[in-house]
Amino acid sequence: MKPASYIATPHLMSAAALIVMTMAGCAGSDTDNTVIGDTVIGDSMTGNTATVPDTVPAASDPAPMSGEQAPLVIQPPTSVDAPALNDAVLPSNAPPTVPVSFDITVPAFQSDSLRVTLVWGDKTLNADWVGDEYWSVSDEFPANTEQLLTVTFYDGNGDIALARASRAVAVGANATAPVLFIVDRFDTQAFDDDRDGISNLDELIAGTDPFVDDSVQLEVKLVYALAAEDEGQMSVSADFESLLGTDRPLMSTFESQSESMAATVNPEVISGEAMIDSLGNGTLSYNYLLQPHRITINALRTRSNQAIAWEGVHSSHNNGFSHRISVKNTVTVIDEQTAAFAESVTGRSSGTYITEWETTSNLTGKRVGDSSLCEPVAGLVSATSRTDPGNLVTVTTVVKEIDDPYWRVVTVTNNTTTKEYFVRRLLILQSAGIPVSTLVPEDAFFICDFPEF
Ligand SMILES: [Ca+2]
């Protein structure tokens, strides 16, 4: 119930009938319930911070009217302009309400999809545009209530927050005259969605996208490889699974096939055996020796419903460098075109210096043509490596959603230096001595089509 005089001329009411609050610049902190004694009398848009003058009737509300710790209580005066209005219009059994109006001045910005939303207690109101930067809204509020008032200025019809003013305010007991709040101190810096240090409002004014940090122009590289054969690393598909034939059960002994002259001079020795039962479970042991290069594999293969799991150790030695890699790897067939690749690797390399690493991968692969291989197309890799000397610790994450065009690689060295770039492809194993541009599918991808599946 708005007095006619209020509706007609809200700005011309006498000072005695108006209590005006200028919002302090504490916006963006919704939890800030402290109240500053900056209530001013009169229709002030200046942001002055005078305390409540003595001319405001103290009325009957016992709450303190000033002081840093006290909530701001807006107590409509029982002015001569509106005598006994309260008694005349309020049913005796209705909870008393106070007509409250808000005059809002937002930061200057032009758009045809602006919105100003006011939240006070459980009330949410959309303000009406008056002109230029001026907005207003009014409603009835329960008397004798203290709530947090938050006014938010949006673009994009509410999608892009630009500024906020927020503080605790209270409405007093008597509904004899409207109360006017002036809201004109907005904080714009709290809204920076892309976290580039430039507020959403400043970005819109400058014509940049407030959701995209344009300062980040990442390099796009060709590949990131989970493992590099040049560094003595391995792939379960290339080094374990591919050694097995399709026969089940499989009782196979590895022997040297080399008949070359070089092998005669420097014999290539291959030995070992694969013992895989009719269900697909079994062991693989394998030794390869071509001086000075030696590789040893001992691994256990377990088949469950739609998955092949390997757990094993791959060791290699070459000219004084040695590598030992423990791996657990599970490839689960999801459908004819899709497989999941889950792997955890612990590796240690020693030679000139020692490097230890752990790599965890959870990837989704898509079938490559009609081959038995899948290429990673989405997922997450997390790798940590520690290198002496200097205790160099590098943490790398590689991530891609299925719809992303690239994998995003982030490396953090010793918690300080961050390097970030994109890659077009994630490889399982980068073949030794072969350029990245020459893909070796048997190394780069993983086996996702198994006998008897
Ligand atoms: Ca920004």
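## Reading a predicted chain, step by step

Author: Let's start with confidence: the mean pLDDT of this chain is 79, and 76% of its residues reach 70 or more. pLDDT is the predictor's confidence in each residue, from 0 to 100. This is a predicted model, so to speak of local features we need pLDDT of at least 70, side-chain atom pairs count only at pLDDT 80 or more, and totals for chains, interfaces and linings use all residues. Residues are numbered from 1 along each chain as its sequence is written.

Reader: Where does pLDDT stay under 50?

Author: Over residues 1-90. The model has 169 contacts beyond four places in sequence for that stretch; two residues are in contact if their C-beta atoms, placed from the backbone, lie within 7 Å. Where pLDDT is low, the predicted coordinates should not be read in detail.

Reader: OK. How many helices and strands does the chain have?

Author: Helices (H or I, at least four residues) and strands (E, at least two) are DSSP runs, numbered from the N terminus. Here the chain comes to six helices and 25 strands.

Reader: In what order do the four strands of the open sheet come?

Author: Two strands pair if DSSP finds at least two bridges between them. In this open sheet the order is S7-S8-S4-S11, with mixed pairing. Strand S7 (128-131) and strand S11 (179-183) are the edges, each pairing on one side only. From one strand to the next, the twist averages 30°; for such angles, axes are lines fitted to C-alpha atoms, for helices over the stretch in contact, and angles run from 0 to 180 degrees between N-to-C directions.

Reader: Which strands there are antiparallel, and over how many bridges?

Author: Strand S4 (residues 97-105) and strand S8 (residues 134-142) pair that way, over nine bridges. Pro99, for instance, has Glu140 in S8 as its bridge partner. S4 and S11, on the other hand, run parallel and are joined by five bridges, with Asp103 standing opposite Ile182 in S11.

Reader: Is S11 enclosed or open, and why?

Author: Count neighbours: a residue is buried if 20 or more other C-beta atoms lie within 10 Å of its own, exposed if 12 or fewer, and partly exposed in between, with C-beta atoms placed from the backbone. Five of the five residues of S11 are buried, so the strand is largely enclosed by the rest of the structure. Both faces are covered: Val179, Phe181 and Val183 are buried on one side, and Leu180 and Ile182 on the other. For the chain of 453 residues, 31% count as buried.

Reader: Which residues touch the most other members of the largest nonpolar core?

Author: A nonpolar core is a set of buried Ala, Val, Leu, Ile, Met, Phe, Trp, Tyr and Cys residues joined through C-beta atoms within 7 Å. In the largest one, with 41 residues, they are Ile428, Leu429 and Phe446. Strand S24 (residues 417-430) gives the largest share of this core, five residues. Another core, of 33 residues, lies apart from it and includes Phe141, Ala143, Leu162 and Val183. As for Phe446, leaving aside residues up to four places away in sequence, its contacts include Val331, Phe341 and Ile428.

Reader: How do S19, S20 and S21 pair?

Author: Strand S19 (residues 338-350) and strand S20 (residues 354-367) are antiparallel over 13 bridges, and a hairpin joins them through three residues. Arg348 has Glu356 in S20 as its bridge partner.

Reader: Which residue other than glycine has a positive phi near 50°?

Author: Asp132 is one of them. Asp132 sits in the loop between S7 and S8, and is exposed because 10 other C-beta atoms lie within 10 Å. Asn414 also has a positive phi, of about 50°; its place is the loop between strand S23 (407-413) and S24.

Reader: And which peptide bond is cis?

Author: The one from Arg248 to Pro249, with omega near -5°. Pro249 lies in the loop between helix H4 (236-239) and strand S13 (250-255).
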